[in-house]
Amino acid sequence: MQDTMASKDRILRQKEETRCNILNAAYDIVKEEGWLGLNMRKIADRIEYTAPIIYEYFSNKDAILNELTKKGFLELTQKLKIAKENSASAEEGLEAMWLAFWDYAFSDKELYQVMFGVEMTCCLMQCAEAENPYRLFTDTISEVMGNPAHEIVKQKYFTFFSIIHGLISINIIGNGLPVEMNTQILRDAISGIIHSLKVAA
């Protein structure tokens, strides 16, 4: 009985290891060649598996993109939580979270691209994990504003997101702006919107 259980555990570990190898190989290819360079054959070649083995774990490239998207949102959520927890007030937390969002975008540009559809020809991946950062931000905005109606909080979130995501996209797609200018625009935008929250509260 113990041998059977040990064998099952070993098989499960091997399957999880293979799955991780596939995702890591896909991500490595994307880092080198961009999202357009990713296909199932390249993944198979990279880890010296046959293509049918890859299809046992992921039905197509979109399934791999979806899994990487989930990974990205889980990582981003964790960074936002840490930023908020290390802040003394809701206002400071909100600023720290948006700065962490900015840092994440440039520390992992390839994942950010697929998470938010920057220069992606495929459809934006929809996953439950994408709601986590949104909830963290809207909860904190609501806290700063003294719990107003949800529609107001949602509007303020998208004001933040539109400006910060727009600035990120300019830098990812184009040649980007000078670091000093980026920093000034980012901090001006964040502080200006936070000020508007307090005025509206």
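## Salt bridges and a helix contact in a predicted model

Arg 19 counts as partly exposed, its relative accessibility being 23% (buried means under 20% relative accessible area, exposed over 50%, partly exposed in between, with a 1.4 Å probe and protein chains only). The model is predicted, so that local features need pLDDT of at least 70 and side-chain atom pairs count only at pLDDT 80 or more, while totals for chains, interfaces and linings use all residues. Residues are numbered from 1 along each chain as its sequence is written, and side-chain values use heavy atoms, with hydrogens and water left out.

A search of the whole structure finds nine salt bridges, a salt bridge being a side-chain nitrogen of Lys or Arg within 4 Å of a carboxyl oxygen of Asp or Glu. Three of them are listed here.

| Pair | N to O distance |
|---|---|
| Arg 19 and Glu 16 | 4.0 Å |
| Asp 108 and Lys 31 | 3.9 Å |
| Glu 95 and Arg 187 | 3.4 Å |

Arg 19 and Glu 16 both lie in helix H1 (residues 2-33), three residues apart, where helices are DSSP runs of H or I with at least four residues, numbered from the N terminus. Glu 95 lies in helix H5 and Arg 187 in helix H9 (residues 179-200), so this pair ties together parts that are 92 residues apart in sequence.

Glu 129, by contrast, is buried yet has no salt bridge, and Lys 70, the nearest side chain of opposite charge, is 5.0 Å away (Lys and Arg count as positive and Asp and Glu as negative, with His and the chain ends not counted).

Technical notes: Helices (H or I, at least four residues) and strands (E, at least two) are DSSP runs, numbered from the N terminus.
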